[in-house]
Amino acid sequence: MKIKEIAQFLESIAPLSFQESYDNSGLITGNPESECVGIITSLDVTEEVVGEAIAMNCNLIVGHHPIIFKGLKKLNGKNYVERTIIKAIKNDIAIYAIHTNLDNVLQGVNHKIAEKLQLQNCKVLLPKEGTLKKLVTFVPQKNAEEVRNALFEARSGTVGNYDQCSYNVEGTGTFRALEGSDPYVGEIGKRHQENETRIEVIFPARLEQQVVNALKDSHPYEEVAYYLHSLTNTQDNVGSGLIGDLPVPITEKESLSILKKNFGLSVIRHTSFLNQPVHKIALCGGSGFFLLSTAIADGAQVYITGDVKYHEFFDADARILLADIGHYESEQFTIELLTEFLQEKFSNFAVQKTEINTNPVRYFS
Ligand SMILES: [Zn+2]
Ligand SMILES: [Zn+2]
C-alpha cells in the first residue's frame, strides 16, 4: 500500500477542500509513492512522536494538527517545528495532517465528542459555504441523454438521498462555424440553428475537474457550451461544530460531571449555572468560541469547546452554560477516530495510537 493510497482514503472521508483557508492539511513530509509499513495516529506531531514512529517501525504519522502551519523559511533546527520536520525527513517518516477538513465533516472530530456524551439527532452547527457548484450546459437534443448520463456518472446531480437530479429545458442555440473549425452540425461560414437542451446539475465543488471532463468527453460539439456557478447553498453534513439532543434531560451540574468523567478532566472552566434543565448540547473540538452565538441561537443549554479567553466568557451573558474543557482534552478522541477509520480500511498493516500525551498544557493541583 502506497502512502498516496492512504491519503486518498483519508480524503474520501475529509476532502482537503473542506479545510479552512488558513489551514495546511494534507501530506506534509514524505514521498506519496513510498510503500507504507505502519501508521501511528496522534493529535499533534512532535519530535517525540516521530521518535515513537521510528521505534515502532511505522513510516507514516497521521496527525490532526499540521506541524507546518505558517510558511517555513529555514530548516536549521532552531525551534521544535524545524526539528520535527528534520527528524521526519532524515528518517523517511511521512507526516499527514487531517485538520479542519476533519473538524468540518459530521462524522469527524465532533462526532467522536458527541458519541462520548451519547448525543442523538446530531447536526452540523454552522454549515460551510462554498462547497457546492452548478453546471449549466447546452446539448443537441438527441445527445442530451448521453451527456446527462456522463454527468451523473461523474457524481454530479446528487442531493441528499436523491441522485440523477437535473433540470432540463429545450430551446434553440445558434452559431456560425468559422474557417479552421470542424463543426459537428452546420456548415462553415453559415449561421446554424440547433434544437438544444439546457441541462443543469449541482455537484460538490471539489469534483469540478471530473465533472467538466465528463461533460467535454460526452458532448459532441467541438466548442462545448457550458458555464459554472459557485453556490452559497450549504450541505447539511459539512461545516463546523455540532449540536445534538440528550436521550433524557439532565442538570447542568450533571452535564459537567459527565464531561469530567468521560474526558478524564481534572478541572473545567465554565460560566455560572443558569439552573435550567439540559436537553440540547452544542460543541466544537479545539478553538470553537466563534460558534457561541450559533449555539445559543440553535437552542443549546450547554456549549462545550476549548481555548476560551477571559473576556469571551462574558459573552455567554446568562444565555447558555459555556464550558471550556481544554483544546487537547476536547480533541483527544480524534486519535481513536483516526485509528478506527484506518484499521477498518487497511487490515494488512499495523495502525497504532500514539502513547505520548502531546498536550503542552499541564495542571498543577
Ligand atoms: Zn480540530
Ligand atoms: Zn485542534
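This is a predicted model: local features need pLDDT of at least 70, side-chain atom pairs count only at pLDDT 80 or more; totals for chains, interfaces and linings use all residues.
1. Strand β3 covers residues 60–63 and β4 covers residues 94–97; the two run parallel and are joined by four bridges. If you want one pair to click on, take Ile-61, whose bridge partner in β4 is Ile-95. As background, strands of a sheet pair through backbone hydrogen bonds, in either a parallel or an antiparallel way.

2. Zooming out, β3 and β4 belong to an open sheet of five strands with mixed pairing, and the order across it is β1-β4-β3-β2-β15. The edges are β1 (26–29) and β15 (350–353), each of which pairs on one side only. From one strand to the next, the twist averages 25°.

3. Helix α3 (residues 80–90) lies across β1 and β4, and runs at about 85° to β1.

4. How do α2 and α3 sit relative to each other, and how closely do their axes come? The axes come within 9 Å and cross at roughly 15°. Angles under 35 degrees count as roughly parallel, so α2 is roughly parallel to α3. The crossing of the two helices is left-handed. On the α2 side, the contact is made by Glu-47, Val-50, Gly-51 and Ile-54. On the α3 side, the residues are Arg-83, Thr-84, Lys-87 and Ala-88.

5. Now to the charged pairs: searching the whole structure gives 16 salt bridges. One of them joins Lys-4 and Glu-33, with the closest N and O atoms 3.1 Å apart. The pair links distant parts of the chain, as Lys-4 is in helix α1 (residues 3–13) and Glu-33 is in the loop between β1 and β2, 29 residues apart. Lys-4 counts as partly exposed because its relative accessibility is 31%. Glu-33 is partly exposed as well, with a relative accessible area of 39%.

6. Another salt bridge brings together the side chains of Glu-20 and Lys-128, at 3.7 Å from N to O. Glu-20 lies in the loop between α1 and β1, and Lys-128 in the loop between β5 (120–127) and β6 (132–140), so this pair ties together parts that are 108 residues apart in sequence.

7. Lys-116 lies in helix α5 (residues 109–116) and Glu-336 in helix α12 (residues 334–345), so the pair ties together parts that are 220 residues apart in sequence. Lys-116 counts as partly exposed, given its 23% relative accessibility.

8. Asn-110 counts as buried because its relative accessibility is 3%. Which residues does Asn-110 contact, leaving aside neighbours within four places in sequence? They are Asp-103, Gly-241, Leu-242, Leu-283, Cys-284 and Gly-285.

9. Ser-218 is found in helix α7 (residues 208–218). Its relative accessibility is 11%, which means that Ser-218 counts as buried. Not counting residues up to four places away in sequence, Ser-218 touches Glu-146, Val-147 and Ala-150.

10. Finally, some overall numbers for the protein chain. Its secondary structure comes to twelve helices and 15 strands. The C-alpha trace spans about 85 × 55 × 40 Å along its principal axes. Of the 365 residues, 49% are buried. Among contacts between residues at least 6 apart in sequence, 72% join residues at least 24 apart.

How values were computed. Residues are numbered from 1 along each chain as its sequence is written. Chains are lettered from A and ligands numbered from 1 in the order in which they are written. Side-chain values use heavy atoms; hydrogens and water are left out. Two strands pair if DSSP finds at least two bridges between them. Axes are lines fitted to C-alpha atoms, for helices over the stretch in contact, and angles run from 0 to 180 degrees between N-to-C directions. Contact means heavy atoms within 4.5 Å. A salt bridge is a side-chain nitrogen of Lys or Arg within 4 Å of a carboxyl oxygen of Asp or Glu. Buried means under 20% relative accessible area, exposed over 50%, partly exposed in between (1.4 Å probe, protein chains only). Angles under 35 degrees count as roughly parallel, over 145 as roughly antiparallel, 65 to 115 as roughly perpendicular and the rest as oblique. A crossing is left-handed if the near helix is turned anticlockwise from the far one by less than a right angle, and right-handed if clockwise.
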